[in-house]
Amino acid sequence: MIRSALALGFVLALGAGPATAQSTPGAPPPPATAPAAAADAGALDGKALYRTKTCIACHGRDGSRAIQNFPELAGQDARYMLAQTNEIADGKRVSGPDARGYPRTQGMKDVMHLVSVEERAAITDYLSKLPAPKPRPLDPPIDEARKAAGKDAYLKGGCITCHGPEGNKPLAAHPYLGGMKRDYLVLQTKEIRDGVRKSPKLAAMMPFARKLDDEKILLIADYLSQIERPAR
Ligand code: HEC
Ligand code: HEC
């Protein structure tokens, strides 16, 4: 895939920075004895893995600057993310096409052989502990009346049952929705409703999703996208 090749090149370029700095002549040699580091040698570093295993190319610095309409991962539920990562890797979670006609999940699927399940767990654990990014202002901005209508649709739609008040107190291993990108929320809700994105866990959401028309999906997404996720 051209896109994942690009993503890889980008990451390799990023990785070159710190590596070069470390080998700078004249840099102090590593301490002769480092018992703490040695003891931790077996522990996986989620942050370093996130940066070196290509995730950063698409999901952005600190999981907060994802490109295009790709999801922000900072502050998302760890168990939910691990499950999604495995399902995308195994081809169980699929998506509709991007602008060039490839499934949006394809570029990620192509690089998932780079990370073991244990490494995926370390990365998603690291990401879940980062503060979620601030909501992205919409253009044109939504007014208070539309926010209130969106909240009403979210409540009446029953979304609160699983995703919690304002999309910010989900059931265990369910996704947070508050403050996610508007366009990502719209895409996912539509593709869940239309059966493009499938998962056994989504069966419970289907009766709720099926009641939504495109207009209502946009209304709910507008509302959710402007909610700030409190620090956990
Ligand atoms: C080539 C781009 C690309 C790379 C590289 C990539 N991803 Fe993704 N990822 C995506 C896209 C696109 C989606 C959303 C797919 C969709 O729209 O349905 C996604 C979705 C996810 C999700 C689900 C988020 C949610 O809210 O449902 C997680 C978790 C995730 N990626 C983690 C990772 C991790 C960890 C890595 C590195 C090992 C990684 N991704 C590498 C593009 C990428
Ligand atoms: C009975 C529980 C339940 C209800 C009610 C529910 N959902 Fe969900 N929703 C889920 C589960 C479970 C997932 C994750 C599915 C998976 O594991 O792939 C999900 C995923 C999502 C996602 C994708 C999040 C991401 O990061 O990719 C969106 C968007 C969403 N739901 C919107 C809604 C909206 C809008 C409503 C109300 C109309 C709603 N949901 C009602 C259970 C529910």
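**Burial and overall make-up**

I looked up burial first: buried residues make up 30% of the 232 residues in the protein chain. I count a residue as buried if 20 or more other C-beta atoms, placed from the backbone, lie within 10 Å of its own. The model is predicted, so I note that local features need pLDDT of at least 70 and that side-chain atom pairs count only at pLDDT 80 or more, while totals for chains, interfaces and linings use all residues. Residues are numbered from 1 along each chain as its sequence is written, with chains lettered from A and ligands numbered from 1 in the order in which they are written.

I then listed the secondary structure and found 12 helices and 0 strands in the protein chain. Helices here are DSSP runs of H or I with at least four residues, strands are runs of E with at least two, and both are numbered from the N terminus. For contacts with a separation of 6 or more, I recorded that 74% join residues 24 or more positions apart. A contact requires C-beta atoms, placed from the backbone, within 7 Å.

**Ligand 1**

I listed 28 residues around ligand 1, of which Cys55, Cys58, Ser95, Gly107 and Met108 come nearest. Membership of such a shell means a C-beta atom, placed from the backbone, within 6 Å of the molecule. Helices α1 (2-22), α4 (55-59), α5 (78-89), α6 (106-111) and α7 (117-128) each supply at least two residues of this shell. The most comes from α4, with 4 residues. By class, I noted 14 nonpolar, 10 polar and 4 charged residues around ligand 1. Nonpolar covers Ala, Val, Leu, Ile, Met, Phe, Trp, Tyr, Cys and Pro, charged covers Asp, Glu, Lys and Arg, and the others, Gly among them, are polar.

I also checked Ile56, which lies in helix α4. Ile56 counts as buried because it has 20 C-beta neighbours inside 10 Å. Its C-alpha atom is separated by 8.1 Å from that of Ala66, 10 residues apart along the chain.

**Ligand 2**

Around ligand 2, I listed 23 residues, the closest being Gly157, Cys159, Cys162, Ala204 and Met205. Helices α9 (160-163), α10 and α11 (206-209) each supply at least two residues of this shell. I recorded its classes as 14 nonpolar, 8 polar and 1 charged.

**Packing against α12**

I next examined helix α10 (residues 182-193) and helix α12 (residues 214-225), whose axes come within 8 Å and cross at roughly 140°. That makes α10 oblique to α12. The axes are lines fitted to C-alpha atoms over the stretch in contact, with angles from 0 to 180 degrees between N-to-C directions. Angles under 35 degrees count as roughly parallel, over 145 as roughly antiparallel, 65 to 115 as roughly perpendicular and the rest as oblique. On the α10 side, the contact is made by Arg182, Leu185, Val186, Thr189 and Lys190. The residues of α12 in this contact include Ile217, Leu218 and Ala221. I noted 6 nonpolar, 2 polar and 4 charged residues in the contact of α10 with α12.

Finally, I looked up helix α8 (residues 144-156), whose axis comes within 8 Å of that of α12 and crosses it at roughly 110°. That makes α8 roughly perpendicular to α12. Among the residues making this contact are Ala149, Gly150 and Ala153 of α8 and Leu219, Ile220 and Tyr223 of α12. The contact of α8 with α12 divides into 7 nonpolar, 1 polar and 5 charged residues.

Definitions and conventions:
Two residues are in contact if their C-beta atoms, placed from the backbone, lie within 7 Å. A residue is buried if 20 or more other C-beta atoms lie within 10 Å of its own, exposed if 12 or fewer, and partly exposed in between; C-beta atoms are placed from the backbone.
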